[in-house]
Amino acid sequence: MVAFPTETVYGLGADATNPLAVARIFEVKNRPQFDPLIVHVADLRQAEILVLKFPDLAFKLADRFWPGPLTLVLPKAKSIPDIVTSALPSVAIRVPNHPMALALIQESGRPIAAPSANPFGQVSPTTSHHVRKSLGDKVDFILDGGPCQVGVESTVISFTDGHPVLLRPGGLSLEEIEKVIGPVEIASPAASAPQSPGQLERHYAPRTPLRLVTQWPSLTPGQKVGLLTLLPPMDFSPFTAVEILSQSGDLREAAANLFAAMRRLDEQGLDLIIALAVPPEGLGRAINDRLTRAGHF
Ligand code: TXA
Ligand code: MG
């Protein structure tokens with residue numbers, strides 16, 4: 001088992017063809033067995049070996065966006081043990097866009113099953129330091145590839161119903177995907193919950209209560225409140241701490257900063273974190289999704 005960098009977040013990886021190694025991941029993360037893992041491969045050819053069929057539209061996406069922050073859910077081949085897929089007949093696959101991740105897959109000659117390298121339900125790590133802090137000596141090796149460039153997890157698209165369905169918004173925007181394959185169905189959180197527990201209502205959460213708002217809230221005097229915001233606020237004075245995700249309002253930069261900013265606020269001993277929703281376009285969709293789940297109690 002080895003923690004390794006990808007362009008999205010750090011993963012906790014093991015040989016996807018070795019059920020015992022994969023079981024260790026569930027144990028270390030305290031992850032429920034019903035939550036399937038993503039299998040990381042070096043290229044499209046290695047992906048093809050792991051699936052029964054690669055629908056044309058899925059192939060188009062893989063061809064255009066791999067390596068990159070896109071996960072495809074496809075009918076699985078027998079070589080993938082049930083523990084990886086929570087006994088689902090499908091497998092989630094992606095080619096990460098990070099030289100160290102690709103080297104790990106190539107050198108080991110194995111597909112690597114890996115969830116994000118954090119305890120289940122908590123904020124995903126975007127630096128090796130985050131991994132060290134939350135998993136400590138439960139992992140034998142952490143490969144340090146610096147901070148993750150994308151900063152939110154991959155976009156998950158399922159083809160198990162024959163047509164493309166968005167299970168999780170992520171580091172590749174829906175707009176870019178639809179430019180290549182046309183309209184994509186958006187799974188309702190309730191419908192996809194049993195299928196894709198990354199859609200669990202409370203997830204990606206700090207310890208401090210977090211409230212997602214679309215407008216300036218009125219604050220209770222005396223409370224220590226932190227603000228998580230895309231752009232600088234007009235008035236800093238009501239807040240004990242402020243995290244600005246992007247001085248220029250750039251949603252890509254904001255996504256890259258999101259999880260580290262949530263962690264910094266979580267370390268301030270605040271009563272409440274208020275997060276201002278970002279525009280629901282491009283990577284804003286993934287940012288609002290993570291903030292919604294972080295705020296769910
Ligand atoms: O960017 C990422 O995707 C990162 C890096 C490490 O690659 N990984 C990641 O893994 O976020 P994890 O385990 O935190 O999220 C995997 C998501 C979950 O929402 C899971 O339910 C979904 O993929 N998933 C995996 N296999 C699936 C399947 N067969 N059908 C539907 N959803 C699946
Ligand atoms: Mg995760």
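Modeller: Let us begin with terms. Helices (H or I, at least four residues) and strands (E, at least two) are DSSP runs, numbered from the N terminus. Two strands pair if DSSP finds at least two bridges between them. This is a predicted model, in which local features need pLDDT of at least 70, side-chain atom pairs count only at pLDDT 80 or more, and totals for chains, interfaces and linings use all residues. Residues are numbered from 1 along each chain as its sequence is written, and side-chain values use heavy atoms, with hydrogens and water left out.

Colleague: Which residue is the bridge partner of valine 165 in S10?

Modeller: Strands of a sheet pair through backbone hydrogen bonds, either parallel or antiparallel. In this case the partner of valine 165 in S10 is glutamate 185. Strand S9 (residues 165-168) and strand S10 (residues 185-186) pair in the parallel sense, over two bridges.

Colleague: In which sense do S8 and S9 run?

Modeller: Strand S8 (residues 155-158) and S9 run antiparallel and are joined by three bridges. Serine 158 has valine 165 as its bridge partner in S9. The two strands form a hairpin with six residues between them, and glycine 162 in the turn has a positive phi of about 90 degrees.

Colleague: In what order do the strands of the open sheet lie?

Modeller: The sheet has 10 strands, in the order S7-S1-S2-S6-S3-S5-S4-S8-S9-S10, and its pairing is mixed. Its edge strands are S7 (141-142) and S10, each of which pairs on one side only.

Colleague: How does S5 pair with S3 and with S4?

Modeller: Strand S3 (residues 38-40) pairs with S5 in the parallel sense, over three bridges. Within that pairing, isoleucine 38 has alanine 92 as its partner, and histidine 40 has arginine 94. Strand S4 (residues 70-75) runs antiparallel to S5, with four bridges joining them; proline 75 stands opposite serine 90.

Colleague: Is S5 mostly covered or mostly open?

Modeller: A residue is called buried under 20% relative accessible area, exposed over 50%, and partly exposed in between (1.4 Å probe, protein chains only). S5 (residues 90-94) is mostly covered, with five of its five residues buried. Ser90, Ala92 and Arg94 point one way, while Val91 and Ile93 point the other way.

Colleague: Where is proline 206 placed, and which residues does proline 206 touch?

Modeller: Contact means heavy atoms within 4.5 Å. Proline 206 is in the loop between helix H8 (189-192) and strand S11 (210-213). Proline 206 is buried, with a relative accessible area of 3%. Leaving aside residues up to four places away in sequence, proline 206 touches Val123, Met262, Asp266, Ile273 and Ala294.

Colleague: What radius of gyration does the protein have?

Modeller: The radius of gyration is taken over C-alpha atoms, and the globule rule is 2.2 Å times the number of residues to the power 0.38. For 297 residues a compact globule would have a radius near 19 Å, and the protein has 19 Å, which agrees. The C-alpha atoms fill a box of roughly 60 × 45 × 30 Å, taken along the principal axes.

Colleague: What remains to be read at the level of the whole chain?

Modeller: The protein has 10 helices and 14 strands. Buried residues make up 56% of its 297 residues. Among contacts with a separation of 6 or more, residues 24 or more positions apart account for 66%.

How values were computed. Chains lettered and ligands numbered in written order.
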